[in-house]
Amino acid sequence: MTDPLAQEAVRVYRRYAVEIVEALGFCPYASRARLDGHTREVAIGAAIPTDAEVLGAVEALADDQTVEVGFVLFPRVTLSRPKLGRWVEHLRKAHAAARGGAPVLAIEGFHPDADADLSCPERLTPFVRRTPDPTLQLTRLDVLDRIRRGSPTGTAFFDPDAMDLGALLDAPAKRPLHERIAELNHEAVCRLGVAAVRARMDEILRDRDESYRRLDPAAPARHAPRRQSAG
């Protein structure tokens, strides 16, 4: 039987992908990959999923050559962000071992609990990745390689309307791609204002909590209203 909460997790995640990542230009290839049918979301409804269950989902996405970027969502998991980071490292090693030491996916962890640290672009990244639920992003390594090299196939993966490709692909040997994207995201948040970006994210978290509660009153809440400072 399909878990209704898992289905709802995909809907809520897609709000984040479209209204935050794509609308604010946080990822140069998100829109193109989604519209071309190269993204896939898988939700695992267990509160404490087993490594075997998660790795099964990871390897299934790795085997699907149509998937450029996959997402594994955990609507009932209450893992903290530091623990998620340690789990991601474990999953990276397990995925590499499953592939004979040659992984095909880059695995990153996204988490709803992250403050905005504007002190430098890299420190803002967890805030930009503030998904409705703990999430694994799985990006095919050969796609990342094409993008870094700026090959015709790789640059076609970008959405040219979402970001200045010249700024991203200029002098690739000087700065890694992730650093250049982090800088552009930092500029976007500074321009829009942290409060405005957080308000958009919090509205999605409120939607998540209300819809999950109707399906499963025991589902963990993610949105905690912030106190207003006096004066």
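Before you start, note that the model is predicted: local features need pLDDT of at least 70, side-chain atom pairs count only at pLDDT 80 or more, and totals for chains, interfaces and linings use all residues. Residues are numbered from 1 along each chain as its sequence is written, and side-chain values use heavy atoms, with hydrogens and water left out.

**Stop 1: the largest core**

Select Ile20 and Phe26. Among the 35 residues of the largest nonpolar core, these two touch the most other members. A nonpolar core here is a set of buried Ala, Val, Leu, Ile, Met, Phe, Trp, Tyr and Cys residues joined through side-chain atoms within 4.5 Å. Buried means under 20% relative accessible area, exposed means over 50%, and partly exposed is in between (1.4 Å probe, protein chains only).

Now colour the elements that give two or more residues to this core: helix H1 (4-22), strand S2 (69-73), strand S3 (105-110), helix H5 (121-128), helix H6 (141-149), helix H9 (177-192) and helix H10 (194-215). Helices (H or I, at least four residues) and strands (E, at least two) are DSSP runs, numbered from the N terminus. H1 provides the largest share of the core, nine residues.

Which residues does phenylalanine 26 touch, leaving out those up to four places away in sequence? Show Ile20, Val21, Val128, Ile181, Asn185, Ala188, Val189 and Val197 to see them. Contact means heavy atoms within 4.5 Å.

Another core lies apart from this one; it has 20 residues, including Val58, Ala62, Phe74 and Trp87. In soluble globular proteins, nonpolar side chains tend to be buried together.

**Stop 2: the aromatic rings**

The structure has three aromatic pairs. Rings of Phe, Tyr and Trp (its six-membered ring) pair if their centres lie within 6.5 Å; planes under 30 degrees apart count as stacked, over 60 as edge-to-face and the rest as tilted.

Pick tyrosine 13 and phenylalanine 71, a tilted pair at 4.8 Å centre to centre with 40° between the planes. This pair links distant parts of the chain, with tyrosine 13 in helix H1 and phenylalanine 71 in strand S2, 58 residues apart. Tyrosine 13 is buried at 5% relative accessible area, and phenylalanine 71 is buried at 8%.

Next, go to phenylalanine 74 and tryptophan 87, a tilted pair with 5.3 Å between centres and 50° between planes. Phenylalanine 74 sits in the loop between S2 and helix H4 (81-98) and tryptophan 87 in helix H4, so the pair ties together parts 13 residues apart in sequence. Buried or exposed? Phenylalanine 74 is buried, at 0% relative accessible area, and tryptophan 87 also counts as buried, at 14%.

**Stop 3: the salt bridges**

How many salt bridges does the whole structure hold? The search finds 21. Each is a side-chain nitrogen of Lys or Arg within 4 Å of a carboxyl oxygen of Asp or Glu.

Show glutamate 8 and arginine 11, whose closest N and O atoms are 2.7 Å apart in a salt bridge. Both lie in helix H1, three residues apart, about one turn of the helix. Glutamate 8 is buried at 16%, while arginine 11 is partly exposed at 34%. To see the network of salt bridges they belong to, select Glu8, Arg11, Arg15, Glu19, Glu203 and Asp207.

Finish at arginine 208 and aspartate 209, bridged with 2.6 Å between their closest N and O atoms. Arginine 208 is buried at 0%, and aspartate 209 counts as buried at 7%.
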